[in-house]
Amino acid sequence: MSGGGGMSGGGRYGVTDPAQERLRRWRLVLGGDPADGTGCALSGRDAAMDGALAALYGKGDKPRTGRDRSAGLGASAPSVARWLGDIRTYFPSSVVQVMQRDAIDRLGLATLLLEPEMLEAVEADVHLVGTLLSLDKVMPETTKETARAVVRKVVEDLEKRLATRTRAALTGALDRSARVSRPRHHDIDWNRTIAANLKHYLPEYRTVVPERLIGYGRASQSVKKEVVLCVDQSGSMAASVVYASVFGAVLASMRSLSTRLVVFDTAVVDLTDRLDDPVDVLFGTRLGGGTDINRALAYCQSRITRPAQTVVVLISDLYEGGIRNEMLKRVAAMKASGAQFVTLLALSDEGSPAYDREHAAALAALGAPAFACTPDLFPEVMAAAIEKRPLPVPDTA
């Protein structure tokens, strides 16, 4: 278990012998099979912790014995609710969230999340929100109110974490993007001014004579950039959809930006009119289904009125079910018109996602490199796109 930190305070009971403590930890990891070689017996809190682990990471389909770590959770909502309470007692929040996701994947507990009392017991996170959204169409009315409350809590936590930094980064980028030819001294962009005047370098004085000054303008409320977020809502993109909805709401709250949010699978849905409430946005999505990136980009392209002032952000794993060549032609056409085009393979805290490498390479050849982006990096990516600077592509992309 990656939650060793959570275990460290859970069952020492005065154990001071380092060798005995190592055996205890290995016993918790290995699960008490006769072949684990530890010979270590557990009691008290350690035994309860081991039982919680056993219920999830048991022997699966192998024959069970009394000593097997294979208790299972069964199909009973009360037993699952007790287990959820147990793991929150024994493990830190980050480990609880991992165990919940594993329980949903390994033991098929998604349907139990349709019960209000179960939703109230779980530790809410981005991945749970994705699961709830995928269940929305089969969710009973008695559960929907609870589900929305869970989703709203996660969304509000994300907004608190991301909004201030995003607004600050983009406000600065918008100010700097409004260049003026006669700037005041404190508004001069010295890096661009020097680069533009290198031909006026005087070797004898070892200096550049700036015949043309380039400065930062102060963007007025009437000077707007257009941002189009085009988000793949296929099942693998659940976390990205959650983060994109939160960022879409933050961007829409900035009067100097005009923000459009489009989600797609084989159909295209414009959710711009819901951007004042990201929870409404999320319940307007339909996770799962196929993918038609070309159709989605065609819609976005038709809504661009000021290409030189527009940033299009495609968030997709690029597994295209539509017409590949047409998709690439649309990207090339948008870039040729002056629009900035950004391709994010994912917008989430996870590592490198699975994606279509051939399509990613084709986009890179068009000058639109595709890379995974964390939520913390997203404001910097958007600021660079607004200023038409090189994007901060992570080294691991």
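Residues are numbered from 1 along each chain as its sequence is written, and side-chain values rest on heavy atoms, with hydrogens and water left out. Because the model is predicted, local features need pLDDT of at least 70 and side-chain atom pairs count only at pLDDT 80 or more, whereas totals for chains, interfaces and linings use all residues.

## Overall fold

The secondary structure of the chain comes to 15 helices and ten strands. Here helices (H or I, at least four residues) and strands (E, at least two) are DSSP runs, numbered from the N terminus. Of the 397 residues in the chain, 47% are buried. Buried means under 20% relative accessible area, exposed means over 50%, and partly exposed lies in between (1.4 Å probe, protein chains only). Among contacts (heavy atoms within 4.5 Å) between residues at least 6 apart in sequence, 72% join residues at least 24 apart.

## The largest pocket

The largest pocket holds about 530 Å³ of space. On a 1 Å grid over the protein atoms alone, a pocket is an open set of points where a 1.4 Å probe fits, with protein on both sides within 12 Å along at least five of seven lines; lining residues have an atom within 4 Å of a point. Grid points are joined across faces, edges and corners, and the volume is the space filled by probe spheres set on the points.

The lining comprises 33 residues, of which Arg101, His127, Ser236, Ala238 and Ala239 lie nearest the centre of the pocket. The elements that give two or more residues to this lining are helix H4 (77–90), helix H5 (93–107), helix H7 (126–134) and helix H10 (238–252). H5 gives the most, with six residues. By residue class, the lining divides into 18 nonpolar, ten polar and five charged residues. In this scheme Ala, Val, Leu, Ile, Met, Phe, Trp, Tyr, Cys and Pro count as nonpolar, Asp, Glu, Lys and Arg as charged, and the others, Gly among them, as polar.

Helix H7 is largely enclosed by the rest of the structure, because seven of its nine residues are buried. These buried residues are Val126, Leu128, Val129, Gly130, Thr131, Leu132 and Leu133. What covers them includes H5, helix H6 (116–121), helix H8 (141–177), H10 and helix H11 (278–283).

The structure holds one aromatic pair. Phenylalanine 247 and phenylalanine 378 form this pair, which is tilted, at 4.4 Å centre to centre and 45° between the planes. Phenylalanine 247 lies in helix H10 and phenylalanine 378 in helix H15 (residues 378–387), so the pair ties together parts that are 131 residues apart in sequence. Rings of Phe, Tyr and Trp (its six-membered ring) pair if their centres lie within 6.5 Å; planes under 30 degrees apart count as stacked, over 60 as edge-to-face and the rest as tilted. Phenylalanine 247 is buried at 0% relative accessible area, and phenylalanine 378 is likewise buried at 1%.

## Residues of the strands

Glutamate 226 is found in strand S5 (residues 225–232) and is buried, with a relative accessible area of 18%. Its side chain is joined to that of arginine 306 by a polar contact of 3.4 Å. A polar contact is a pair of N or O atoms within 3.5 Å; within protein, one must be able to donate a hydrogen and the other to accept it, and residues adjacent in sequence count only if both atoms are side-chain atoms. Leaving aside neighbours within four places in sequence, glutamate 226 is in contact with Ser258, Arg306, Gln309, Thr310 and Val311.

Threonine 310 belongs to strand S8 (residues 310–315) and is buried at 2% relative accessible area. The side chain of threonine 310 reaches the backbone oxygen of arginine 306 at 2.6 Å. With neighbours within four places in sequence left aside, the contacts of threonine 310 are Glu226, Val228, Ile304, Ala339 and Gln340.

Valine 262 lies in strand S6 (residues 257–264) and is buried, with a relative accessible area of 0%.

The table lists pairs of residues by separation along the chain and between C-alpha atoms.

| Pair | Separation in sequence | C-alpha distance |
|---|---|---|
| Valine 262 and tyrosine 299 | 37 residues | 8.7 Å |
| Threonine 310 and lysine 225 | 85 residues | 5.8 Å |
| Glutamine 20 and cysteine 40 | 20 residues | 8.5 Å |
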